[in-house]
Amino acid sequence: MLNLLRSEWYKLCRNRSFWLLLSLLFASAVIYVLLNYYDDPNDGGALTGMSGLDLFASSMGANNYIIKIGLSVLAGFFLSSEYSTGTIKRAVASGYSRSKFITAKLLVFIVGAMLTALVFPLVNILLGSVLFGRGDLSGGISETGFIVRSFVLTLSLAAAFAAVTGAIATFLTDSGKTIGTVFVLYFFADGLYAMTGKFLPFVNTLYDYSIFNLITHYADPDMSGSDFAQSVSISLLVAIAFVGIGIAVFRRKEIK
Amino acid sequence: MNEYVLRTQQLTKRYKTQSALDRVDMTVRKGTIYGFIGQNGAGKSTLMKLVTGLAFPTSGSIELFGATGGAELNLARKRMGVAIENPALYPQLTAAENLEAHRLQQGIPGKESLKRTLDLIGLSGTGRKKTKNFSLGMKQRLALGVALLGEPEFLILDEPTNGLDPMGVVEMRELLTRLNREMGITILISSHILSELHLLATHYGIIHKGKLLEELTSRELQERCRQFIHIKVNVPERAAAVLERELATTEFEVTADGVIRLYAHLDRPADVSSALVAGGLALEQFMPMGEDLESYFASRIGGGEHA
């Protein structure tokens, strides 16, 4: 298993799409902070009221979309490309059990997704704090606690979305189909839940506890300890369940 | 050599109602080069996919290095090197990086195996060039290199000469022969270039429409594809006597329609014709004949069709 993880990590570290994604997110985050920094307060700008924490909070909102879009692109090029290049055949024929192979693949993909999800908010809080100062939160909330909690939620939700994306990529095998399907699913999931919830009330409850809802308020400074624990637990359970689904799909899949 | 590397029994694969493999009993003995011959869609790749674990059989069994099922069979696959269909490579990686990814996966210690393999396949000079910029021939060689990296005992190669130029085909043949003779690697190879396969294989399997029609050794094939001089004369009995007396040979046969097949003196046809004419015989037909692998294959699958 360790050999498989090392090999997958080696491939991820040499995956051009992965580095392009990280570079784009890094550049976007730097530009976002600098735009705020150079925004003229005498012309409607917000420089005077801005702090590293403010930037961090707003970047978490944007990161919601980054996690979804970034993951689908990464899945398309890291997972599905194994099928288009045919390298999946060699891996399956290499004598490892299919379960071990796909577990290693999905775990490394999840780690890659978690790293991707960290870039935008991390650059915002670091560069924002350097330029504007870290700032304070109102209501006596611990700043460090908020930052740590936000990062933990970012990582756990990224893991959950990555596992869902990974299972879809394992099922569809084609990078174009994976990117397309994940895009549609992630961006219309909220609407689908709302629409279905009108006819089936339990779907509303389901939505309340789904990762699609949790990610919309994962950067809430007022989040209670129990809500935080619930969000992390649900995210991790979703991640574990969908890695399991990915394994089950791959074990039965014939490689064409 | 009775030790088996691969044996299938009644191996069958169906896709819905279509039968891709039908009760195939195949045997690949240790140390052999098994040429797998069949048309497109005959079932060659399907069998290779079943053996390598890419697809699952509908029924029947696969025995690989004596292992017959489940985890044991999967473990036996670690002793195989595989290159099926198109060269399976990471296009963004260099040749060395492709090998390194496979080395890490297989847990092969030490990086010296990378250089050794690159030298063996003649790609040590490719440096930082990404494999997406390789020619098809280079990709084929690298795919073979990846298959060889773990020093396998059994190589499964599906059309490894696709895209190779004539020199590349010769080099590939020489390399495979060397791997077989010097390192004792057993090879299962499919190829459309039957003349090439003829120079390489020690055993053959002919598959057609999912059925394994025949397995034979190169010696058996040679006998069945035996070259001869086809002779038709006015008095076959006298011609037979002339051949025995003047050319001192009994290596001929007289067919029911009076045609003589002479298996000797193939390199001296002028001597044969002179002796017959001197014996007072009128030559009606006189020509060298015989089958090669291609015509033998065509005759086995019903004629007129080619691999």
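In this predicted model, five residues of chain A form one aromatic cluster: F161(A), Y186(A), Y193(A), Y207(A) and F212(A). Aromatic pairs over all chains come to 15.

One of these pairs joins F56(A) and F151(A). A pair of aromatic rings is described by the distance of the centres and the angle of the planes. For F56(A) and F151(A), the centres are 5.3 Å apart and the planes stand at 50°. Planes count as stacked under 30 degrees and as edge-to-face over 60, so the pair is tilted. The pair also links distant parts of the chain. F56(A) belongs to helix α3 (residues 52–85) of chain A, while F151(A) belongs to helix α6 (residues 143–172) of chain A. The two residues are 95 residues apart. F56(A) is buried, with a relative accessible area of 0%. F151(A) has 14% relative accessibility and counts as buried, because the cut-off is under 20%.

Charged side chains also meet aromatic rings. In chain A, the charged end of R98(A) sits over the ring of F250(A), at 5.5 Å from its centre. In chain B, R79(B) lies over the face of F65(B), and the distance to the ring centre is 3.9 Å.

An unreviewed UniProt entry annotates "transmembrane region" in chain A at residues 18–38, 65–85, 106–127, 147–172, 179–200 and 228–250. Residues 18–38 of chain A are 95% helix and 0% strand. Their end C-alpha atoms are 30 Å apart. Residues 147–172 of chain A are 100% helix and 0% strand. Here the end C-alpha atoms are 37 Å apart.

How values were computed:
Residues numbered from 1 in each chain as written. Chains lettered and ligands numbered in written order. Predicted model: local features only at pLDDT ≥ 70, side-chain atom pairs only at ≥ 80, totals over all residues. Heavy atoms only, no water. Phe/Tyr/Trp six-rings, centres within 6.5 Å; stacked < 30°, edge-to-face > 60°. Helix = DSSP H or I, 4+ residues; strand = E, 2+ residues; numbered from the N terminus. Buried < 20%, exposed > 50% of the residue type's maximum accessible area, 1.4 Å probe, protein only. Lys NZ or Arg CZ within 6 Å of the ring centre and 35° of its normal. UniProt positions renumbered as here; feature names shortened; annotations may be inferred.
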